[in-house]
Amino acid sequence: MIRIVIVGAGLIGPRHAQSVLSNANTSLVALIDPSPSAESIAERLQTNYFPSIEAMLQTIPVPDAAIVCTPNNTHVSVTRSLLSHGMHVLLEKPISDTVASGRDLLEFASQQEHRHLRILVGHHRRFNPYVRKTKEIIDSGSLGRIIAVNGLWTLFKPDDYFAAAPWRRSSSSGGGVIPINFVHDVDILHYLFGPIVRIHAEKTLHQRQDPSHDAEEGAAIIIRFASGVVGTFLVCDATPSPYNFESGTGENPLIPKMDGGADFYRVFGSEASLSVPDMTRWNYDGTEKSWNQPLTRDRFAVEEETSFDLQLKHFVDVIQGEEPSCSGEDALRALMACEAVRKAMEGDGRSIDL
Ligand SMILES: NC(=O)c1ccc[n+]([C@@H]2O[C@H](COP(=O)([O-])OP(=O)(O)OC[C@H]3O[C@@H](n4cnc5c(N)ncnc54)[C@H](O)[C@@H]3O)[C@@H](O)[C@H]2O)c1
């Protein structure tokens, strides 16, 4: 039985708690959060409540592992403290709010006294069944040589999402649509197509009137991968739209799944193209490969599974020696690409090489 504490009881902490409670090999030993509302959440989850890691350590034996669900700009300090006390860490994405502090964390984790402890970064979409199926199709070669990818992450976040946690609208606290949302897509792009080496980005027009909302709302992004694959991506959290991962897959219980027409990725190969999440492969199999022929459609079935549960199961395996699906280095690479997007949109129009 792996004894797990959850640090941070906001939007995502309780969701991780559900996975811990439903896994036969893990037990939830405590919830830590200084916010006054957290105690009742711990009560509902029937677990211990502590306002800080220090308070927990004075009361119960050191847990085996922790899941860090605090704001982005606290990830490094919280994770350092947990490692110092001998806990393995599942750290929510992004690894940090800056590449420099993320790199510091990896250095700290690699020191002799912490090296036996494992860090898994919570880019949980690597476990999403649509992402897994897409990877399986690409790796099978049935699209031919991959040429390009096109993606969308567009939806509308209401004011109360930002009012509930003001760090989400502040670029200096790790907020904004690039580190909160696009970082997921970057990690999927890395997982599917390998490292990104160049980025160009143009910022969308600011829609929100609140002067404290200084974080970006969106960008049009051009990407080049080391493999030569190229991509375009549109990101925006200020437009009503079904074209995003959550609406297309239904993975987040708070965002309704929109059946039909909510494609968010298209992958183009030399033999066929694939749209996700309708998982349609468009091809000329059995006929002449020519724009004069009608295309054939194949559909792939996807079995629904909960990514957070699969990720937690993997975390248990990582603690027992398996390589992490998303290591600290993988997560740092995703953050570097996000920083490059920011630099490109704030800069003088030049592309950024990674
Ligand atoms: N994987 C996903 O799909 C997903 C979804 C949402 C959020 N996230 C990530 O999870 C993290 C938390 O996001 P959220 O939306 O739940 O944030 P939130 O603001 O809703 O909750 C964060 C909580 O952490 C608490 N906190 C702050 N500092 C703390 C500390 N030092 N120790 C203990 N608790 C502390 C706050 O009081 C708050 O309750 C972020 O890094 C975010 O990027 C991931």
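Okay, housekeeping. Residues are numbered from 1 along each chain, as its sequence is written. Since the model is predicted, local features need pLDDT of at least 70 and side-chain atom pairs count only at pLDDT 80 or more, while totals for chains, interfaces and linings use all residues.

Let's start with the domains. The assignment gives domain 1 as 2–117 and domain 2 as 126–306 + 335–353; bounds like these come from an automatic or database domain assignment. The C-alpha centres of domain 1 and domain 2 are 29 Å apart. Contact here means C-beta atoms, placed from the backbone, within 7 Å. For the classes, Ala, Val, Leu, Ile, Met, Phe, Trp, Tyr, Cys and Pro count as nonpolar, Asp, Glu, Lys and Arg as charged, and the others, Gly among them, as polar.

Now the ligand. There are 23 residues around the ligand, and G8, G10, L11, E92 and A165 come nearest. "Around" means a C-beta atom, placed from the backbone, within 6 Å of the molecule. By class, that shell has 11 nonpolar, nine polar and three charged residues.

Next, helix α6, residues 129–140. Helices (H or I, at least four residues) and strands (E, at least two) are DSSP runs, numbered from the N terminus. Helix α6 has 12 residues and reaches 16 Å from first C-alpha to last, close to the 16 Å expected at 1.5 Å a residue; that expected span is 1.5 Å times one less than the number of residues.

Which residues of α6 are buried? Y130, V131, T134 and I137. Buried means 20 or more other C-beta atoms within 10 Å of the residue's own, exposed means 12 or fewer, and partly exposed is in between, with C-beta atoms placed from the backbone. Looking down the axis of α6, the buried residues fall within an arc of 125°, so they line one face of the helix. The arc is taken over the directions from the helix axis to the C-beta atoms. On the other side of α6, E136, D139 and S140 are exposed. The cover over the buried residues includes α8 (177–193), α9 (245–249), β12 (272–276) and β13 (280–283). Just after α6, G141 takes a positive phi of about 85°.

Most residues other than glycine have a negative phi, and most peptide bonds are trans. Where does P94 sit? P94 is in the loop between β5 (88–92) and α5 (99–109), and the K93 to P94 peptide bond is cis, with omega near -10°.

The loop between β12 and β13 holds P277, and V276 and P277 are joined by a cis peptide bond with omega about 15°. M279 is in the loop between β12 and β13 too. Phi of M279 is near 50°, positive in a non-glycine residue, and M279 counts as partly exposed with 16 C-beta neighbours inside 10 Å.

Finally, Q46, in the loop between α2 (38–44) and β3 (48–50). Q46 is also a non-glycine residue with positive phi, near 55°, and Q46 is exposed, with 8 other C-beta atoms within 10 Å.

Terms used. Two residues are in contact if their C-beta atoms, placed from the backbone, lie within 7 Å.
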